[in-house]
Amino acid sequence: MLKKLYLLVLAAVVSSQAATAQSVVENIRKAYAEAKAEIANITNEDGYPPEYYQLNVVQNLPGTGPHHEDVLMIFKEEPAPEDVVYPAHRIFFVTTKYNFAARQFYEEYLFDDDGNLAFVYAFSPDVTDGKESELRFYFDRGKLVKLTAKQRNMGDTTFTDEATYTTCPDTLSRFYQEYLAQAFKFKRLFKSVDNATRL
């Protein structure tokens, strides 16, 4: 009897967690669409003037040669009383595109209203030798709730292998930690630029 009750409770908890994770993913997708629309507005001359920070890095790295990185940071204004002319900003969305030698990388970082990491998208030729990967990490208040991984052979246009996880597998752990470190770095970079340019 106790075993049956335990299994019923466990099933209810798992079902509830799955429903919560799905709701989180849906909210992230809405915020992501908003971020993409904001980026589209940057090049649109109609409406409000766009606001964003952009950093271009050009270096010559030992062993890999010319390196170029383009970082785009989209921010939102923090809620403030009407008499505040220049409200504080918070980081919302970051894109970064960079190379090491001929290998091209692209990443996106979405942050929630509290500044927690909500989503990471990464395109990388480094996850598996001879394959390109697309990784998507979904977070609820900074805690990973879903990860999808796709792979394709170099030069192919479609991804063939796909897997979904609720925790990060060991095979992707190194990349997961790197993306978390990148997100932290971009939050610091945003704060530095924002503090240096605020009136």
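Visitor: Is Lys150 buried, exposed or partly exposed, and why?
Guide: Lys150 counts as partly exposed because its relative accessibility is 23%. Buried means under 20% relative accessible area, exposed over 50%, and partly exposed in between, with a 1.4 Å probe and protein chains only. Please note that this is a predicted model, in which local features need pLDDT of at least 70, side-chain atom pairs count only at pLDDT 80 or more, and totals for chains, interfaces and linings use all residues. Residues are numbered from 1 along each chain as its sequence is written, and side-chain values use heavy atoms, with hydrogens and water left out.

Visitor: Where does Lys150 sit, and what is it in contact with?
Guide: Lys150 belongs to strand β7. Helices (H or I, at least four residues) and strands (E, at least two) are DSSP runs, numbered from the N terminus. Beyond four places in sequence, Lys150 contacts Glu132, Ser133, Glu134, Arg136, Phe159, Asp161 and Glu162, where contact means heavy atoms within 4.5 Å.

Visitor: Which residues have the most contacts inside the largest nonpolar core?
Guide: They are Val94, Tyr109, Phe137 and Tyr179, in a core of 25 residues. Such a core is a set of buried Ala, Val, Leu, Ile, Met, Phe, Trp, Tyr and Cys residues joined through side-chain atoms within 4.5 Å.

Visitor: Which element supplies the largest share of this core?
Guide: Helix α2 does, with seven residues.

Visitor: And what does Tyr179 touch?
Guide: Leaving out residues up to four places away in sequence, Tyr179 touches Glu107, Tyr109, Val120, Ala122, Ser124, Leu135 and Phe137. Another core, of 16 residues, lies apart from the largest one and includes Ala35, Ile74, Phe93 and Leu110.

Visitor: What is the mean pLDDT?
Guide: The mean is 85, and 85% of the residues reach 70 or more. pLDDT is the predictor's confidence in each residue, from 0 to 100.

Visitor: Where does pLDDT stay under 50?
Guide: That applies to residues 5–17, for which the model has zero contacts beyond four places in sequence. Where pLDDT is low, the predicted coordinates should not be read in detail.
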